[in-house]
Every structure is written in structure tokens, then in C-alpha cells.
Amino acid sequence: MLDVLVVGAGFGGLHMLWKLRELGFSAECVDAADDVGGVWHSNRYPGARCDVESLVYSYTFSPEIDAEWRWTERYAAQPEIQRYLAFVADRLDLRSLIRFSTRVEKAHFNEADNTWTVVTHRGAVISVRYLILATGPISVPVMPDIPGIEDFSGQTFHTALWPADKPDFTGKRVGLIGTGSSGVQSIPLIAEQAGRLTVFLRTPNFVVPARNHPLSDADQAKWDAEKHYIRDAIWAGEIGGAGDVLMERELIEARKPAGEYTPEQQQYYLQRRWDWGGGVTMSAFSDVLVNPSTNDVVADFLRSKIRETVRDPGTAELLTPRGYYVGTRRICVGTGFYETFNRSNVDLVDVRAHPIERITARGVVVNGEEYPLDYIVFATGFDAVTGALTRIDLRGVAGRTIQDAWAQGPQTYLGIAVQGFPNMLMIGGPGSPSVLSIVVQTNEMQADWIGRLLTTLREQGKARFDVAPGYQDAWTEHVNEVVKRTLFSTSDSWYVGANIPGKPRAILAYTGGIRAYREKCQSVFGKDGSVEGLITA
Ligand code: NA7
């Protein structure tokens, strides 16, 4: 029998697999896709790019990978990230441990022998001691519930299920629904190719310019000199947003509550960060996500940029986010997004005032008007954080399902374990910082934690752990309490499950900061070999 099965061969699963082998466990991995990469394998839409700087969206655990890989751009595009993960799998010789094109359908815990029985869609049965779910926080695409989608006679694409054989939109009429990160990244490129692009906009998001650029030798040298400082500073919570990588020290050190600056200084720092590009405008002040008046300063600054860029005032107004705090819905990092609406072949249709009525064979109907289309692109998002887990027939003690356990929202211990699901662990699970952190780094921390736990159990001759009574409730209460100190719960975003009808409303990621999270996780290991919050047997 295998010691461990890792589900998912993306950033989280690959590192976990390597770690388990290093620690001497027998481990295998399964992935539904035909290659490594996770979301970076399937999100092949035009413009797909990470919105975190590549230099920090990278593994730190392997000196070889760190030394041998060189990113070409400030923000890596999907193909480069896919190449990176393929390089990691080859360099660390992981492929022989991975079964590709294999989806886990069922995983049931057996109380008699403290094992998991995993059944794949191919009917293979895998028996393991420990089950590690590295299934990705944004890996389950969702289609909107619009009547008539099946009637459309042209082709439809979801951004997260983009075909390897890229569609050619040249001269075609393309409709695009959804203006989150995926829509924001793909709209400018589709507009360049299509004959006409019609964007159906429901809720405008704040979009900041990426100012992407090739990484020069000088950038690389600066990074090599500073990377240890930056990685430590990220964990210490001194660096905000998406990393502030390569930024001038002065700007990083100037990050204080907005109230400590005059209005002129506030505008100065916002503009400096806006010119620097990327998510760093959001982290100009340390209190932007907790103090409404600071949030207003940042939001007003960003709104003024839309008016400056979009020539038609009506279009600019439609694109201007209002009614929620900036950052409580994920900020989008784009290139030429607002400028695209100055093109003569791009139309913007307001589907907030008048929701999409239906889709017909010919196109999309809004407010009684049919927009004829050849293609429809759905950039309509994901069932985030819990979706990949609740789609598995996952049963713990006494056959209790994960859907039942999480009926009121996700309940976890440290975002890593679930009471009543012994010997099961999650990477990037709900109740951990996941999507509100640089996921690659928090994944690494969780893999280290899991490795330490399994080693401890092995040393003690134990075959089972479960969460002790009270600890899951306490952690979940803490996750739900700490978010109240922020502005996150005030808006309807996928961060709280609001994009999925019927999904319990609960914050899906830990908002207490990665420093506090890491300290808490590390503190549970006692010198005597005990692990606080777990019962072992
Ligand atoms: P998002 O951010 O969830 O965006 C989905 C978009 O789709 C959003 O603009 C939705 O509008 C829109 N949507 C969904 N259903 C409809 C209907 N029925 N009508 C009109 N518009 C609709 O997904 P992304 O893929 O862009 O990004 C997800 C994350 O992946 C991203 O934040 C990065 O972290 C990577 P709504 O806001 O619900 O009004």
C-alpha cells in the first residue's frame, strides 16, 4: 500500500510530491490533465498571465530550480509558467510518480484500517494511508445559468478550458461575458483579432496597468542581490500586495496608514505606484483593506484614471466600479484594458441594468435586442477554493460527505485538515491564506507542515490523525472573526462564494495575514512530539 496519494500536479502537488519522496514516503500523484501545470495547463486563453511577479511566483524550496530557471518577463505568461512547471517535474524527476489523465471520483475513509480508498474515473482503485488534496483554489470553471446556451449555433469557449488548438477570431463577431481577471486579460487581444468584439459587462472591476516588461540582466542582478530580503519581508508581512518586487526601497518603506500622509503625499505615492505598475497601487497604504476612508482615497485615484483613459464619458462611467471597496473583489492587472474601449470595433453592453435574457442560435439577447455573434467567450470564473473538493465524492468517518460537513461553509483546522476526515490534508484549502497570498509560497509552507506532521507520526508509529474536538471550531471562528476587521465581507465576490448560487456565504481564505498564519501553524508542533489540535492513534 502507498503511504500517500497527492491529488493535483500543479504548483502545490508537485512540491508536495517531491517533499514526500525526500522524506522517504512512498507517494504518487494523479492529475485529470495530460500534463503537469494545474490551472496553468488549462487557462490558455489569449493574454493569460500571472498577476503576481514571476520572480516571487516561483518555488524557493529547491536551490537547483532557483539557480537554473530564469524568467523572461516581469509577469510570466501562461506558456512560460507551464514550461517552468514542466522543467521542475523533469529536473526533479517527478513524472514517473504521476498518473496523468486520471480524475479522482471517489475517496472514502476506512475506519477499520485507517486508510483511504480512492477510485479514479478509469475505475482504478488506489489504497493509501494519507490523502493530500492539492486540487487548486481556482480550478473549477463555472458557466453562467443563462437560458439557451446550448442553442447557440456558433462556438463557445470558457477561458479556463481553452482549446490547445487556438480559435481564430480574425474578422469574426465575438461576444465576451465576464470582466474579472480573465476577461480583462483577454479582451485587448481578442479585440485586436476580431472583426467586432462585444463585451457584456455586469460588475466593473478596478484594473491597474501591469507595465509588464522583459526582465533585463540588471533586473536579474537586483533580484539575485535582494531575493533573500524580499522573501523574508513577504513572510514578515512587510511587503504588501503582489510582492513589490524590484521596487525602490523608499516606496516599500513608505507604506504606512494613509492618515499619516497629507493628501498631496497620498497622491504622490499612489502615482508612483501606478507608474510602477501591477497590484502595488493597492498596497500604497497599510490600511487600505481595513479603513474605509483610506480605501476611498485609493478607489477615487483609480476611478480618475478610467476617466482619463476612456474617451467616451458614457463608456467610462459604465466601466467605473462603484458600490464596493477596492480590493474586496480581486483587483485586475491588465495591459491596455481601458484603452481597448476606445477602439471602433469594440462595444460595451451594460448587463447590470438589463441582465442577459437568453442566448439564441444567433447570439446574445439583452433588453430585447439580439447581438449577432459567431463566437461567445465565457470569462465567467470559478467555483473557488472549495469547488474542486466538493466535486469529489469525499467521505470521512461514518461515511459523512464533505458537502455535509461544509453545508454551513467550510470548516477546517488551519485550512489544512478537516475534523472527521482522518489522514486527509489540503494544500491551499479554505481557511488558509491561499488566494489572498502568493499561493506558491503558502503552498510551500503547507507542504513543509504536512511533511513535518507525517514524519512525526511515522516516528511515533502512528497510523491515524484527526482533528481534536474544539480545534476546528476555534480556527473556523477565528477565520470568520478576523475577516470582520477587514472590508472583505462587505462585497459580493468569489472570495465569499457569492458567484455560485446556493454556495454558503463565508470567507474562503484566511485574512489574518501570512505572518500570523505561519506562526500559528508552526506553534502547534510541541518539543515532546505532540501536535496541538490533533488526536493521533
Ligand atoms: P471572476 O473574477 O469570477 O469573473 C467572472 C466574471 O464573469 C465577472 O465579471 C462576473 O460578473 C461575470 N459573470 C458571471 N456570470 C455572468 C452573467 N450571467 N452575466 C454577466 N456576467 C457574468 O473570474 P476570472 O476568471 O476573471 O478570474 C478568477 C480569478 O482567477 C482571478 O481573480 C485571478 O485570481 C485568477 P459579476 O462580477 O458576477 O457581476
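A: What follows describes the sheet, then the helix on it, then a pair of helices.

This is a predicted model, in which local features need pLDDT of at least 70, side-chain atom pairs count only at pLDDT 80 or more, and totals for chains, interfaces and linings use all residues. Residues are numbered from 1 along each chain as its sequence is written, and side-chain values use heavy atoms, with hydrogens and water left out.

Helices (H or I, at least four residues) and strands (E, at least two) are DSSP runs, numbered from the N terminus. Two strands pair if DSSP finds at least two bridges between them. The open sheet has five strands in the order E7-E16-E8-E9-E12, and the pairing is parallel. E7 (155-158) and E12 (346-350) are the edge strands, each pairing on one side only. From one strand to the next, the twist averages 20°; axes are lines fitted to C-alpha atoms, for helices over the stretch in contact, and angles run from 0 to 180 degrees between N-to-C directions.

Five parallel bridges join E9 (residues 196-201) to E12. Across this pair, threonine 198 stands opposite aspartate 347 in E12. Helix H5 (residues 181-193) packs on the sheet and touches E8 (173-177), E9, E12 and E16 (375-378), where contact means heavy atoms within 4.5 Å. The direction of H5 makes about 170° with that of E8.

Now the helix pair. H14 (residues 439-459) and H16 (residues 514-523) pack at about 5°, their axes 11 Å apart. H14 and H16 are therefore roughly parallel, a label for angles under 35 degrees, with over 145 roughly antiparallel, 65 to 115 roughly perpendicular and the rest oblique. H14 contributes Thr442, Met445, Gln446 and Trp449 to the contact, and H16 contributes Ile514, Tyr517, Arg518 and Cys521.
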